[in-house]
Amino acid sequence: MGDRGTSNHSEVTDFILVSFRVRAELHVLLFLLFLLIYTMILLGNIGMMVIIMTDPRLNTPMYFFLGNLSFIDLFYSSVIAPKAMINFWSESKSISFAGCVTQLFLFALFIVTEGFLLAAMAYDRFIAICNPLLYSVQMSTHLCVQLLAGSYFCGCISSVLQTSMTFTLSFCASRTIDHFYCDDRPLQRISCSDLYIHKLVSFFLCSIIILPTIIVIIVSYIYIVSTVLKIRSTEGRKKVFSTCSSHLGVVSVLYGAVFFMYLTPDPFPELSKVASLCYTLVTPMLNPLIYSLRNKDVKEALRKSLEKRYFNSIFTVM
């Protein structure tokens, strides 16, 4: 098996990304859709990072994590969208072996990091609401940096294991990947290796990544809800819930799409592609909108930033 895998690696120099199985005329519409979504991702996430970095009132742990969430969303969507848009116009629709490895590695790195970062953001809201007097002490800059570094470390370890395990498979069955980017599940379909160990390790990795992050999020919100219910005023409850609703929305969209994709049976790859589209491009597009529309601090910072630019442009003209 080892010799077979080695010879396979010397033979396979590229893959073909099938993308969506639609008529050729619809590729233009898909290109325009991807272009629109990716443009909104760039504007939304870069705008969010700029607002957080330039407004001193947003210099808090919550916005530190939010700024990094925008950074992650921006980069993992950039790993997918440009190549997918190029392939809508390309006849060969090919991606090099090294390009496929890089795409899977970077995507796995950022998506796993985002999962752990969302758990850190849930913990931040738990401390802010359940222990407000100790918030500034417990959520210190040092701890925030540690949580962020830990998220990237977990993402990197997971990505190294997943990528190395995937590309030690033999791809002698086909070079055609039935997806719009290099992902583990479509690559398994074109492998002629025994996938038992691969699937076992993949299941183990998913378990130690998804379960701890979901447990942290659920436990944090159980404590948050129990604390909120003790607040007597309706206005006070609304104010507290408004700080959490954005985070809950982001978590629901991301994990909902991930679960839908991995629970979709193999005979329905097109449904899997739609779910993948949701968490690779739609989620990074929605996150800045969710946080800007549901968060008073961000809306106020955005309003002041726009007013400042407007008045500066007027004075420049005058």
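In what order do the three strands stand in the open sheet? The order is β2-β1-β3, and the pairing is mixed, where two strands pair if DSSP finds at least two bridges between them.

## Basis of the model

This is a predicted model, in which local features need pLDDT of at least 70 and side-chain atom pairs count only at pLDDT 80 or more, while totals for chains, interfaces and linings use all residues. Residues are numbered from 1 along each chain as its sequence is written, and side-chain values use heavy atoms, with hydrogens and water left out.

## The chain as a whole

The chain has eleven helices and three strands, taken as DSSP runs (helices H or I, at least four residues; strands E, at least two) and numbered from the N terminus. Of its 318 residues, 47% count as buried, that is, under 20% relative accessible area, with exposed meaning over 50% and partly exposed in between (1.4 Å probe, protein chains only). Among contacts between residues at least 6 apart in sequence, 79% join residues at least 24 apart, a contact being heavy atoms within 4.5 Å.

Strand β1 (residues 14-17) runs parallel to β3 and is joined to it by two bridges, with Leu 17 standing opposite Ile 177 in β3.

Helix α4 (residues 97-130) packs on the sheet and touches β1, β2 and β3, its direction making about 85° with that of β2; axes are lines fitted to C-alpha atoms, for helices over the stretch in contact, and angles run from 0 to 180 degrees between N-to-C directions.

## Helices α2 and α3

The axes of helix α2 (residues 26-54) and helix α3 (residues 61-89) come within 9 Å and cross at roughly 160°. The two helices are therefore roughly antiparallel to each other, a term for angles over 145 degrees, whereas those under 35 count as roughly parallel, 65 to 115 as roughly perpendicular and the rest as oblique.

## Two serines

Ser 220 is found in helix α8 (residues 196-228) and is buried, with a relative accessible area of 5%. Leaving aside residues up to four places away in sequence, Ser 220 touches Ala 122, Tyr 123 and Phe 126.

Ser 92 lies in the loop between α3 and β2 and is partly exposed, with a relative accessible area of 43%. Ser 92 and Leu 17 are 75 residues apart in sequence and 8.8 Å apart in space, C-alpha to C-alpha.
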